[in-house]
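Reader: Pick one part of this model and take me through it closely. I want the geometry and the contacts, with cut-offs.

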Amino acid sequence: MIWPVAFAELRPIFDWLYDMVSSTGLPEPWLSVVIYTGLGAMMFGVLAVLALYLVWWERKISAHIQQRFGPMRHGWHGWYQTIMDAIKLLQKEHVDVATRDKFVFFWAPVMCFVAAFLAYVTIPFGEGLIVADLNIGVLYIMAVTTFTIISLLMAGWGSNNKYALLGGMRSAAQVVSYEVPMVASILVVVVFAGSLSMVDIVRAQDGMFYNWFIFRLPFGPIAFLTYIVAATAEANRTPFDIPEAEQELVAGFNIEYSGMKFAMFFLAEFVNMFTVSAIAVTLFLGGWNGVFLPSWFWFLLKTFAVVLLLMLFRWTYPRLRVDQLMEFAWKFLVPLTFANLILGAWMKYAGWYW
Amino acid sequence: MGLIKKVPVYAERIPGGSLVLTTLETVLHQGQAKSLWYLLFGTACCAIELMCTGASRYDFDRLGMIFRASPRQADLIIAAGTITKKMAPRLRRLYDQMAEPRYVIAMGGCTIKGGPFYYDSYAVEKGIDHIVPVDIYIPGCPPRPESLLEGCIHLQEKIKKQKLLDWQEK
Amino acid sequence: MTPDELKDAVAGKLGDKMSLLDTGRMVPMFEISAANLLTVAESLRDDAALKFDYFCNLGAVDKTERFEAVYSVASIVHKHRLDFKVILDHDHPEIDSVQEIWPAANWYEREMWELFGINIRNHHNLTRFLLPDDWDQGNPMRRDWDAPDFEKLPEL
Amino acid sequence: MPDLRTEEFVVNMGPHHPSTHGVCRLILTMDGEKVLKIVPVVGYLHRSLEKICENRTYPQCIPILDRFEYVTAMSCNYVFSLAAERLAEIEVPERAEYLRVIMLELNRIASHLIFYGVTAMDIGALTPFLYGLREREMIMDLFEMTCGQRLTFNYIRIGGVAKDIPAEFIPYCRKTVSVIREKLNDYEGLLNENPIWLVRNKNIGVLPPDVGIAYGVSGPSLRASGVDYDLRRDDPYSIYDRFDWKVATRSNGDCYDRYLVRLDEIKQSVRIIEQALDGLPEGPVKAKVSPNFKPPEGETYARVENSRGELGVYIQSDGTKKPYRVKTRGGSFNQLQVLPVIGTGGLIADLVAIFASLDIILPEVDR
């Protein structure tokens, strides 16, 4: 069997899994199916728990910013609070609105959930810890994360609720606009790394921290900041959380969703937040590169630092208005990122960098 | 109502099912009790105390309670403040929009029996318990945040004592 | 202007249409007949020395044999205030709308119409205001109003 | 795309909506995000306070009127007592006047702190809400130690106040005031220069002074438009003329100025409280008023400056122990009237900002 997956540190586990499954005498194509299903389930489990803990973390951080304690009663500092939330949401009734569009209403959260997890195929969690090192990794991530918009639009349309519709429309407009500066700021990195593969991009930043692209690119900090701003908008977080602006649209696109369907949107939001942070780390902050400690530890450390940054944004800034949001994207971010891209490309051509 | 209604039906049929049921009962009701998301619903004075309870000094979040603006995602209505005859159909509608399991706390004298507006008022609904089923009554005009927290803890205890089979009858 | 000066000024300008009531008060109170309301209100607002441009309050009182509509108006510039009342017939209460003169009066008049059943002439928008949409029990602020579930506070 | 055919649609905002501060319902006709028409529907909190007051004795009316404007219930206590005192011509003892001023100003600060938090929350910043309410809790402590209640006080009575303040009040009050003065810098630092806050509030919902006056807008919302009108100075009541303070005004009349005026008012209130604490005389706190208080026949309209504008009570007395008619007037009643005028044509997010900056609460409208 051919492994298109680069396992370095987890190799023993997979070997053991492979031995166990193959000892049942399963024929070859089925063997792969079983193995990949197991892999997917593992990934899913890890990410779901991760998202739950991000929710808990966000609640604690917001509480401490606001001089409160946040969840305290359920376990040490409420550590199993979000698990209880998940159990509750699992048993909630699923309300089907009579006027909904049945197909669209049903599949929107599923699609949102799946789209959020698809990106993890090409994110390198550590040296060799990547599911598939595609040679078009960056392109792939850009493509699958955009699925989220369709699902939000579906949710807004399918609910047959005006607030939901407004929320869906807003999110479509927002994500489409911010996709442009986001890609433009990523392209600078791609130009310098000379590859679309995530692993190659990380390899290009080998060594100490001054080799990270944020410091090495001619206008690295600008590219990083524009990426972070665009990523905040992509993940629908304050100050760009207009699709679910609580004070205007009550709950936005997910207003009609209850129980597990709502939980899917909720978890997908946090998974998306982790995704954009992971991409930021991979592209700008050197990915798994670091000293002494294992590579996955460095990766997670950096990613959580970026997540923390996004959370601090959320709990300090007010929300922008929808037209100001568009103006900011098209009149400020797009020219800036494209100028940055052109400058970067020219410098690469001229060789003015280290 | 999804899982919670179907589980006992199937679990009772298999041998040893009631044992599974008891464990499940504990887990499911712990989940319900420990994550009561309340609807952002306030009409009058009690709403200010509700806000204070959510704020730093009293902090609802300690109990795992956060607010949701959409009734679909909420588990609990804290009816904070006077419910007038004009508002009563809206309260009922919000209650109907919520997904089960759902609970109601009547906060303050007005929601219990009309409070100071019982006599001489032509517009106040005399108690909300003939509009929606109420689980916990919290007296006071308005009740202090501590008593609201106490009421919520009582509601949690009440939820934990429920039986899965109770849901079948509803 | 002090209350006394204000009394003189108003009586001097509009003395034929307004009659002074209740002299011991901090704020002068006048009485106007319903027919004169609009002209008096207009001159109260537009007169440079009076300039009552700010509408404070309008409330009706049911005196069982008649209605009183009590207006309070103030002047932002001269910082004085004036009250006046209009006496209305109890059987067919009707009054002109002053919302063209003071737009703020709009909702006060709607409220008066709904709770007291006083008809407002030339009002743009006399629709249900405070009471439920399906209210069919009359005008609850009238003194003789009663309903089956209306309980009075027992006398101690 | 001029020939693109679009359709208007109607959105029902409220009565249960996070940003309508209670139970206001706005029927919005919208073209996409743009608000074309606003029709406020009120009455969801109409509790017939005026009818209830007709069947209560004068002292019994005060706790009922507490619920009229519960965010600043002290003003409601005060304005009813003021009207009754004017009817019966009662002299209020000196110490009671000072205590009243302290309580009124503390309550004004508490109300403006709620405004600060709620407005920020409506714009989307969730943290200022918690900060505003944190300092408000200290004021609530003060009220609790004087009258035992946090929200509905029944403290200011006809002829004075219910009882004297406890001994620990004055040091704690001084501490509270200095904490608030200090924390105001934090508040301003968090929002005043915040670029998002500026673009969301500057030049949004401009209320021209003539429109404001015509619609009877009062209080900070009117002063933000440059109209220098404050009843504490211009229709004098109590002892405000003894203190050194000034009326806070701004000139643009947009949401940002309405926000700034309220922050300025907190500073002025702090000054008044400090001076009142310094000058607090000894003596009785209540004039002799019989429980069967019967004012002579007559009528009066008393008004005070509340945190939301002019708060007025009209009492007509027929010489018995029950008022014949009580009519209340709150500032929000007029500010909600002006909302369709200044809110139309903006986006729905602007409408939320305008609604928040006018500081409308519904019990004042519905009563």
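Author: What follows is a look at one sheet of chain D, then at the contacts of that chain with its partners.

This is a predicted model, in which local features need pLDDT of at least 70 and side-chain atom pairs count only at pLDDT 80 or more, while totals for chains, interfaces and linings use all residues. Residues are numbered from 1 along each chain as its sequence is written, chains are lettered from A and ligands numbered from 1 in the order written, and side-chain values use heavy atoms, without hydrogens or water.

Start with the sheet. Three strands of chain D form an open sheet in the order E1-E2-E3, and the pairing is antiparallel. Helices (H or I, at least four residues) and strands (E, at least two) are DSSP runs, numbered from the N terminus. Two strands pair if DSSP finds at least two bridges between them. E1 (9-13) and E3 (34-41) of chain D are the edge strands; each has a single partner strand, so one side of each has no neighbour in the sheet. From one strand to the next, the twist averages 25 degrees.

Now zoom in on one pair. E2 (residues 25-31) of chain D and E3(D) run antiparallel, joined by seven bridges. Thr29(D) has Lys37(D) in E3(D) as its bridge partner.

Axes here are lines fitted to C-alpha atoms, for helices over the stretch in contact, and angles run from 0 to 180 degrees between N-to-C directions.

Widen the view to the interface with chain A. Contact (heavy atoms within 4.5 Å) takes in 33 residues of chain D and 24 residues of chain A. The two chains bury about 2,600 Å² between them, 61% of it on carbon and sulfur atoms. Buried area is the accessible area (1.4 Å probe) that two parts lose on being put together, summed over both. Glu33(D), Leu126(D) and Ile196(D) supply 20% of what chain D buries there, more than any other three residues. Two salt bridges are counted between chain D and chain A. The rule asks for a side-chain nitrogen of Lys or Arg within 4 Å of a carboxyl oxygen of Asp or Glu. Arg170(A) and Glu33(D) meet it at 2.5 Å, N to O.

Chain C is the other partner here. In this contact, 43 residues of chain D meet 47 residues of chain C. About 3,800 Å² is buried between them, 53% of it on carbon and sulfur atoms. Five salt bridges cross this interface. Lys79(C) forms one with Asp234(D), with the closest N and O atoms 3.7 Å apart.
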